Amino acid sequence: MEEMRINKYLASLGIASRREVDKMIEEGAIKVNGEKAAPGIKVSDKDEIYIRGKKIEKNTEKKVYYILNKPLEVLSSSKDDRGRKTVVDLIKCKERIFPIGRLDYNTSGLIILTNDGELFNRIIHPKAEIFKEYYAKVFGEIKEENAELLRKGVELDDGMTLPANVKILRRERGKTELLVAIREGRNRQVRRMLDKINHPVITLRREKIGDLSLGNLKLGEYRELTNEEVNYLYSL
């Protein structure tokens, strides 16, 4: 394997996400050839890499892919220093897996977990622009002009959002149910977009990533992706 940045290299081996690798480097937990790893260092298969004293071997595990219906109050991470439940805790498998992207602590729904670093990098890459669809129930009956604001893009504290797909499902008794599809991955983005038009979220659930949907999975349930679904994700 040619040289690449250490966070990308370890992600490609299924060790952890790039973000988690960067955090471990900051903590001084990673050594390369006997020296503490510096952010952005480039490595290859020829380098000896240790994480918390354990040597990293080239990954020979088979690639696995899961879709999970994440319950509320479960973290979208591989582990938690405070002992809170994570999405990885919900899946029984021998491989070291990690989630692709994140869902808020108080958001439920579709999340993909894998040990395939290449697929991880493809899906989270900013150029991917894969639509992710959310079901939301909010306070207030959303007027069409406010729904149109979401469709055109709204100004958040980290910049203007890309146009969203919005479908109003029902308005009644001071609440609105709707579908919102976005192709960005900013922190708490859908919640912040709805706050911006003064309709705070009551319930938020991710229903789809591209054409991949939850189907009949109940909260906390998961299944392996089919070969066709994996190929579809790679095609994105």
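Domain bounds, as used below, come from an automatic or database domain assignment. The structure is a predicted model, in which local features need pLDDT of at least 70 and side-chain atom pairs count only at pLDDT 80 or more, while totals for chains, interfaces and linings use all residues. Residues are numbered from 1 along each chain as its sequence is written, and side-chain values use heavy atoms, with hydrogens and water left out.

**Exercise 1. Identify the salt bridge formed by aspartate 104.**

Solution. 
1. The criterion is a side-chain nitrogen of Lys or Arg within 4 Å of a carboxyl oxygen of Asp or Glu.
2. The side chain of aspartate 104 meets that of arginine 191 at 3.4 Å, N to O.
3. Between domain 2 and domain 3 the count is one salt bridge.

**Exercise 2. Determine how far α5 is enclosed.**

Solution. 
1. Helices (H or I, at least four residues) and strands (E, at least two) are DSSP runs, numbered from the N terminus. Buried means under 20% relative accessible area, exposed over 50%, and partly exposed in between (1.4 Å probe, protein chains only).
2. The buried residues of α5 are Gln189, Val190, Arg191, Arg192, Met193 and Leu194.
3. These buried residues pack against β10, α4, β11 (155-156), β14 and β15.
4. Because six of the eight residues of α5 are buried, the helix is largely enclosed by the rest of the structure.
5. Just after α5, asparagine 198 takes a positive phi of about 65°.

**Exercise 3. Name the residues that touch the most other members of the largest nonpolar core.**

Solution. 
1. A nonpolar core is a set of buried Ala, Val, Leu, Ile, Met, Phe, Trp, Tyr and Cys residues joined through side-chain atoms within 4.5 Å.
2. Among the 30 residues of the largest such core, Leu113, Leu178 and Leu194 touch the most other members.
3. Domain 2 and domain 3 each supply at least three residues of this core.
4. Leucine 178 touches residues including Tyr134, Ile142, Val166 and Leu194.

Key. Contact means heavy atoms within 4.5 Å. Lists of a residue's contacts leave out its neighbours within four places in sequence.
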